[in-house]
Amino acid sequence: MIYLELFYVFLSVGLFTFGGGYAMVPILKTEVLSRGWMTERLFIDFISISEATPGPLALNMATFVGMEMGGILGAVIASLGMILPSLVVITLIAAVFKKMMDKPVVQAALSGIKPVVIALIATTVLFLLTKLLWPVSYASIDIRHLILLIDLSTLYFGYRYLNKKPLHPMMLILIAAASGILIFGF
Amino acid sequence: MKKTSLIKLMMTFLRIGLFTFGGGYAMIPLMQRVVVEDEKWLTYGEMLDIIAIAEATPGPIALNMSTFVGYRQRGIIGAIFATLGMAIPSLVIIMIIAYFKDSFLDNRIISGALSGMKVAIVVLIASALWKLTHLMPKNLLLFILIGLLAATLFALDLLGTPISGIFFIIGGGLLGVVLHALKRFIGVRSKQK
């Protein structure tokens with residue numbers, strides 16, 4: 001039955017997705033292609049749309065594949081499968097969080113993990129920046145993205161300099177969307 | 001302290017879910033603003049702890065964060081509401097798009113808006129990163145190591161051979177435990193003298 005299968009596939013993908021959505025792409029690809037659910041071409045299209053729409057990548061993919069295979073009910077079931085591991089594992093951790101954080105060994109492990117997290121976030125910033133500014137080749141910089149980047153940084157950091165509270169991130173995203181339509185849309 | 005209502009919890013994460021574009025880290029600036037600064041459900045330090053824990057546990061980071069905060073506010077039922085709130089925008093938007101699959105990314109207005117938003121996300125994550133670095137111990141060697149690790153990972157990305165971050169997360173955790181054990185061992189030795 002397709003619903004059970006969807007639930008099982010996304011439950012296992014959710015269970016083995018450590019450290020961000022991109023980690024699950026190869027696992028999910030193998031599962032989906034080996035079951036003959038869709039072509040590789042369609043799967044890649046799904047990834048690019050999932051990247052471009054709100055929400056965690058893994059969850060978007062679950063909804064997409066679920067929808068393709070089992071309609072709305074399939075999408076809901078696949079997403080629930082994806083959510084369940086997070087929900088269970090993190091609820092357990094949250095329940096013992098205070099006690100856990102008092103353990104020296106947990107503190108020691110976290111003190112090693114946190115710098116890695118910082119490095120991973122920095123890598124993401126560098127990578128996104130490169131993809132934006134040099135989309136085709138490193139020989140030519142994308143001027144329109146560069147201008148937008150300078151404008152938005154000036155706005156965001158300038159606003160923070162002038163006001164007590166920084167500009168709301170959602171506001172910056174909306175302004176960026178409107179500017180994007182003006183610059184790239186026509 | 002006044003109890004946070006389940007609806008408020010859900011709506012808060014629904015808003016965050018709606019504005020999380022392009023991978024889990026995109027929600028860090030939003031969480032920072034909404035959950036830490038506005039609602040004060042977490043401190044900055046707790047947030048970094050939870051990001052570190054979320055990286056080392058299964059599931060997308062954004063979902064892990066919402067589950068954690070939801071549980072903190074209202075127990076298991078709160079965890080469920082917050083996580084569903086985070087998931088609903090994905091679910092609804094993707095369902096709609098699935099109907100218009102082919103035309104969605106070809107639409108110039110939509111793709112223009114998305115291109116613009118990607119630029120905003122980079123600015124926001126960079127700014128959130130700057131804040132998070134202030135939670136690190138002020139240790140030059142540590143920052144040099146972070147820089148080297150980031151440069152290595154970035155170079156591997158550019159070469160088209162990315163390595164999953166989880167190996168470095170595990171490595172970092174082990175290193176932290178080993179250093180801690182060594183420190184205690186040396187401490188015990190010097191006390192005995």
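Analyst: What follows goes from the chains to their helix pairs and then to the contact between the chains.

The model is a predicted one. Chain A has eight helices and zero strands, and along the sequence its pattern reads α-α-α-α-α-α-α-α. Its radius of gyration is 21 Å, well over the 16 Å that the globule rule gives for 186 residues, so chain A is more spread out than a compact globule. The C-alpha trace of chain A spans about 55 × 50 × 30 Å along its principal axes. Two domains are assigned in chain A: domain 1 covers 2-95 and domain 2 covers 102-184. Taken over C-alpha atoms, the centres of domain 1 of chain A and domain 2 of chain A are 26 Å apart.

Chain B likewise comes to eight helices and zero strands, with the pattern α-α-α-α-α-α-α-α when read along the sequence. Its C-alpha atoms fill a box of roughly 75 × 50 × 25 Å along the principal axes. The domain assignment of chain B places domain 1 at 1-135 and domain 2 at 139-193. Between the centres of domain 1 of chain B and domain 2 of chain B there are 28 Å, again over C-alpha atoms.

Now the helix pairs. Two packed helices are described by the angle between their axes and the distance between the axes.

In chain A, helix 2 (residues 24-34) and helix 3 have axes that come within 11 Å and cross at roughly 145°. The crossing of helix 2 of chain A and helix 3 of chain A is right-handed. On the side of helix 2 of chain A, the residues in this contact are V25(A), K29(A), V32(A) and L33(A), and they meet E40(A), F43(A) and I47(A) in helix 3 of chain A. By class, the contact of helix 2 of chain A with helix 3 of chain A has five nonpolar, no polar and two charged residues.

Helix 3 of chain A also packs with helix 4 of chain A, at an angle of about 130° and with the axes 9 Å apart. Helix 3 of chain A and helix 4 of chain A are therefore oblique to each other. Their crossing, that of helix 3 of chain A and helix 4 of chain A, is right-handed. F46(A), S50(A) and E51(A) of helix 3 of chain A make this contact with L57(A), N60(A), M61(A) and F64(A) of helix 4 of chain A. The residues of the contact of helix 3 of chain A with helix 4 of chain A divide into four nonpolar, two polar and one charged.

In chain B, the pair to consider is helix 2 (residues 27-38) and helix 6 (residues 108-133), whose axes come within 8 Å and cross at roughly 60°. That angle makes helix 2 of chain B oblique to helix 6 of chain B. Helix 2 of chain B passes helix 6 of chain B in a left-handed crossing. From helix 2 of chain B, I28(B), P29(B) and Q32(B) meet L124(B), I125(B), S127(B), A128(B) and K131(B) of helix 6 of chain B. Sorted by class, the contact of helix 2 of chain B with helix 6 of chain B holds five nonpolar, two polar and one charged residue.

The last part is the contact between the chains. It takes 83 residues from chain A and 88 residues from chain B. On the side of chain A that touches chain B, at least two residues each come from helix 1 (2-15), helix 3 (40-52), helix 4 (57-95), helix 6 (104-133), helix 7 (143-162) and helix 8 (169-184) of chain A. Helix 6 of chain A gives the largest share of that side, 26 residues. By class, the side of chain A that touches chain B has 56 nonpolar, 24 polar and three charged residues.

Note on methods:
Residues are numbered from 1 along each chain as its sequence is written. Chains are lettered from A and ligands numbered from 1 in the order in which they are written. This is a predicted model: local features need pLDDT of at least 70, side-chain atom pairs count only at pLDDT 80 or more; totals for chains, interfaces and linings use all residues. Two residues are in contact if their C-beta atoms, placed from the backbone, lie within 7 Å. Helices (H or I, at least four residues) and strands (E, at least two) are DSSP runs, numbered from the N terminus. Ala, Val, Leu, Ile, Met, Phe, Trp, Tyr, Cys and Pro count as nonpolar, Asp, Glu, Lys and Arg as charged, and the others, Gly among them, as polar. Domain bounds come from an automatic or database domain assignment. Axes are lines fitted to C-alpha atoms, for helices over the stretch in contact, and angles run from 0 to 180 degrees between N-to-C directions. Angles under 35 degrees count as roughly parallel, over 145 as roughly antiparallel, 65 to 115 as roughly perpendicular and the rest as oblique. A crossing is left-handed if the near helix is turned anticlockwise from the far one by less than a right angle, and right-handed if clockwise. The radius of gyration is taken over C-alpha atoms; the globule rule is 2.2 Å times the number of residues to the power 0.38.
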